[in-house]
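This report describes one protein model for a reader who is new to structural analysis. Please keep the sequence and the structure in view while reading.

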Amino acid sequence: MSNGNGDLIWTDDPPFAQNAKRAVDDSQLRHNVRKATATIRERRAGLVAETPDWQALRASGAAIKDDVLHHLDGYLEQFERNATARGAHVHWARDADEATQTVTRLVQATGRNEVIKVKSMATQEIGLVKALEDAGITAHETDLAELIIQLSHDRPSHIVVPALHRNRAEIRQIFRDHMPDAPTELSDDPNALAEAARLHLRRLFLKTRVAVSGANFAIAETGGLLVAESEGNGRMCLTLPDTLISVVGIEKLIPRFGDLEVFLQLLPRSSTGERMNPYNSVWTGVTQNDGPQNVHIVLLDNGRTKALADDTGRQALRCIRCAACLNVCPVYERTGGHAYGATYPGPIGAIVTPLMAGVEHAPELPFASSLCGACYEVCPVKIDIPTVLVKLRADAVKAQRHKAQDATFAAAAQAMSGRRRWTAALKLVPLMRFIRHGAPPPLSGWTRTRDLPDPPKQSFRDWWSNGR
Ligand code: SF4
């Protein structure tokens, strides 16, 4: 039975610690991730340094998003009114099941069994491609990295660069093995790989009549949506087909068109290390005889209102999915994205996954951090990820309280409640010797990676009362 969360958590995956151990043993993976994140990190740092009002832009971005979160109901209704007035059809989805059923029904209503897709985290999160496949509809990813992932039956490992864990030799092999129209003499030259993908995708763009997208921003004032991208595949999907279905998280709202001035400076610098995204496509409902004439927008909750109800965690909904926090994270750099076992990896994934799915379903993720604070420093909308992590750690401990742990603390409280009891308890300290190198569960979680010190032969109290 479905959990309603789609692919928000990969329930068939082992816990983070197990995944991470396997990942750090893979030197090729670590090399690929380190090289890619270092490149984007340097580009971003250079662009931020040349933007004198960067901190003011960050503050504005955070304030605009906080305004949205505090008045979300009003902005959603305003967006629906304006989008509908411009000819779009707005649908509401409480969870992944409702969203995938709505999209499937809309595609079936067109009589087609193929769609082209713009890269979208919301559609990843709800497991849309699999749901469409189950209904006999083939969804073709058109973003180059997503295409690589789809062809190799892999999973994305990064929010902006989903195939970041692959190098070009691996990509050439994937194209050779899985792309039927790839040239037989395909080299691993990046231009040759891009050209092979371009020719493969162009045929799909020209024949497919239905497209599915997400959106980076939904503008309440106009009812419009914006997709920012680098390859132009998004522009093709958003303009060529007859039917366009966009799945949009409800936190993607911004109040006014003018707010894009802030976000279109923050996003490209933070995500791909560019001053501007090469393609920014904005569409508002239907324009007669221009672009898709059948436009649907599915507004997705899937745990977002749960996150909104968390006073500390709410700020995670400011996220514009730039992935800057992944690129600076020492944990992500060593484990890559798959270790997190969820659609959203890295520092933002470590908070947004438990906030949206419930911390009891991802209790280990808030611990996948060194709390160094680098993620907070780079976040363009000032999400205080370390503070949210610490709060979620407390929630996770509460959710997973172990009976033995409760009993240990109750016994300690008793022992410390009077001098005689404490003195008697200290007589037990020499027993520590027996668990020094391996305590039984749940203490084994502590001694697995640490040795307890040798207990002293004599307690301080005994030494004192024996005349020093
Ligand atoms: S938390 Fe901040 S840095 Fe991380 S993806 Fe979201 S907006 Fe970007």
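## Report on the model

Helix α4 (residues 72-85) lies across β1 and β10 (294-300) and runs at about 145° to β1. Helices (H or I, at least four residues) and strands (E, at least two) are DSSP runs, numbered from the N terminus. Axes are lines fitted to C-alpha atoms, for helices over the stretch in contact, and angles run from 0 to 180 degrees between N-to-C directions; contact means heavy atoms within 4.5 Å. The model is predicted: local features need pLDDT of at least 70 and side-chain atom pairs count only at pLDDT 80 or more, whereas totals for chains, interfaces and linings use all residues. Residues are numbered from 1 along each chain as its sequence is written, and side-chain values use heavy atoms, with hydrogens and water left out.

**The parallel sheet**

An open sheet is formed by six strands in the order β1-β10-β7-β4-β2-β3, with parallel pairing. Two strands pair if DSSP finds at least two bridges between them. β1 (89-93) and β3 (138-141) each have a single partner strand and stand at the edges, so one side of each is left without a neighbour in the sheet. On average, neighbouring strands of this sheet are turned by 25° against each other, direction ignored. Within the sheet, β4 (residues 210-213) and β7 (residues 243-249) pair in the parallel sense over four bridges. Valine 210 has threonine 243 of β7 as its bridge partner.

Helix α10 (residues 190-207) has 18 residues. From its first C-alpha to its last, α10 reaches 26 Å, close to the 26 Å expected at 1.5 Å a residue; the expected span is 1.5 Å times one less than the number of residues. Buried residues of α10 are Leu193, Ala196, Ala197, His200, Leu201, Leu204 and Phe205. Here buried means under 20% relative accessible area, exposed over 50%, and partly exposed in between (1.4 Å probe, protein chains only). The buried residues of α10 pack against β2 (114-117), β3, α8 (144-151), α9 (168-178) and α11 (233-239).

**The mixed sheet**

Four strands form an open sheet in the order β8-β5-β6-β9, and their pairing is mixed. Its edge strands, β8 (253-254) and β9, each pair on one side only. Helix α12 packs on the sheet and touches β5, β6, β8 and β9; the direction of α12 makes about 175° with that of β5.

| Pair | Bridges | Example of opposite residues |
|---|---|---|
| β5 (residues 217-219) and β6 | three bridges | alanine 218 and leucine 225 |

Isoleucine 219 has glycine 224 of β6 as its bridge partner. β5 and β6 form a hairpin with four residues between them, and glycine 223 in the turn has a positive phi of about 80°.

Valine 262 belongs to helix α12 (residues 260-271). With a relative accessible area of 11%, valine 262 is buried. Leaving aside neighbours within four places in sequence, valine 262 is in contact with Leu57, Ser60, Gly61 and Ile64. Its C-alpha atom is separated by 12 Å from that of threonine 51, which is 211 residues away along the chain.

**Positive phi angles in loops**

Most residues other than glycine have a negative phi. Asparagine 289 has a positive phi of about 60° although it is not a glycine. Asparagine 289 lies in the loop between β9 and β10 and counts as exposed because its relative accessibility is 74%. Arginine 321 also is not a glycine, and its phi is positive, near 55°. The loop between α13 (304-308) and α14 (324-328) holds arginine 321, which counts as buried at 10% relative accessibility.

**The ligand shell**

The ligand is surrounded by 13 residues, and the closest are Cys319, Cys322, Ala323, Cys325 and Cys379. A residue is near a molecule if one of its heavy atoms lies within 4 Å of it. By class, the shell has twelve nonpolar, no polar and one charged residues. Ala, Val, Leu, Ile, Met, Phe, Trp, Tyr, Cys and Pro count as nonpolar, Asp, Glu, Lys and Arg as charged, and the others, Gly among them, as polar.
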